[in-house]
Amino acid sequence: MSKRVLVTGGSRGIGKSIVELYREHGYVVEAPGRSELDLAAPASVETFLDRVRASGIGYDIVVNDAGVNLINEIDKVKDCDLEEMLSVNLLSPIRLLRGLVPHMKEKHFGRIVNIGSIWGVISKPGRSIYSATKHGLHGISTTLALELAPYGILVNTVAPGQTMTELTVRNNPGDAIKKMEEDIPVGRLAQPVEIAKAVLWLGSEENTYITGQQIVVDGGLTIK
Ligand code: NDP
């Protein structure tokens, strides 16, 4: 039977490519939109989990992709932005995994891929909260890798570099993208599918031994 995959943030950008790639490879993919699963609202996450439990069918693979990156220097960070980033990027993935892992344990199989960021590896001004959430998310990956290894569940982080999505275009106006490209060893931004390929492999039966790792997909940017 086809494995069932949950992808958050599947409406656009990297998440959309992840959804498409899993489907192309024969997986059954659910990618709930914001109206079904609002990651900024804990009550929505709990309602979603109640529905999953009531259905009696869980997920074999979970990809926590949804993320927000609201840029500001520390003394200008707004409470609402702080709360949204913590909730969408960190707290909701934790709540989702807390609710979804029991099914994987029962099945003695699971793959979890958390989408981090190069800003969870290196730094840039204005990204303190975003970076904190991405560092935190990888902390979840490493701890769960240890907790869940005895159950056949492998947990990893994929940390994309600069990728051509709406988020990147919005956060890098003017000729900022051209400048970014000059700085990347392979000379261009990633296409979303290039991130999705790493996610698909790590989050599939093909991966049998990699767990607790952060795989950076950045065209060589962070090794400079
Ligand atoms: P986009 O901004 O293109 O898409 C963000 C996705 O997250 C959308 O599907 C959006 O849904 C969803 N989302 C945001 N807030 C909520 C919410 N409250 N509830 C449910 N869904 C929500 O992002 P990218 O594709 O660029 O990024 C995907 C992931 O990759 C993120 O975790 C990001 O931090 C990470 N990343 C991206 C990089 C890049 O260069 N693009 C670089 C490094 C990491 P909706 O359509 O409803 O808004």
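This is a predicted model: local features need pLDDT of at least 70, side-chain atom pairs count only at pLDDT 80 or more; totals for chains, interfaces and linings use all residues.
I took a salt bridge to be a side-chain nitrogen of Lys or Arg within 4 Å of a carboxyl oxygen of Asp or Glu. Residues are numbered from 1 along each chain as its sequence is written, and side-chain values use heavy atoms, with hydrogens and water left out.

**Salt bridges.** I searched the whole structure and got 10 salt bridges. I looked up the one between D50 and R53, where the closest N and O atoms are 3.0 Å apart. D50 and R53 are three residues apart in helix α2 (residues 42-55), so about one helical turn separates them. Helices (H or I, at least four residues) and strands (E, at least two) are DSSP runs, numbered from the N terminus.

**Sheet.** I read the strand order of the open six-stranded sheet as β2-β1-β3-β4-β5-β6, with parallel pairing; two strands pair if DSSP finds at least two bridges between them. β2 (28-30) and β6 (214-217) are at the edges with a single partner strand each, so one side of each has no neighbour in the sheet. I then checked β5 (residues 153-160), which is joined to β6 by four bridges. A159 is opposite V216 in β6.

**Ligand.** I listed 27 residues around the ligand, the closest being S11, R12, D65, Y130 and T165; a residue counts if one of its heavy atoms lies within 4 Å. For polar contacts I used pairs of N or O atoms within 3.5 Å. An N or O atom in the side chain of Y130 is 2.5 Å from an oxygen atom of the ligand. A polar backbone atom of T163 lies 2.8 Å from a ligand oxygen atom. I also noted a backbone N or O atom of A40 at 3.4 Å from a nitrogen atom of the ligand.

How values were computed. A polar contact is a pair of N or O atoms within 3.5 Å; within protein, one must be able to donate a hydrogen and the other to accept it, and residues adjacent in sequence count only if both atoms are side-chain atoms.
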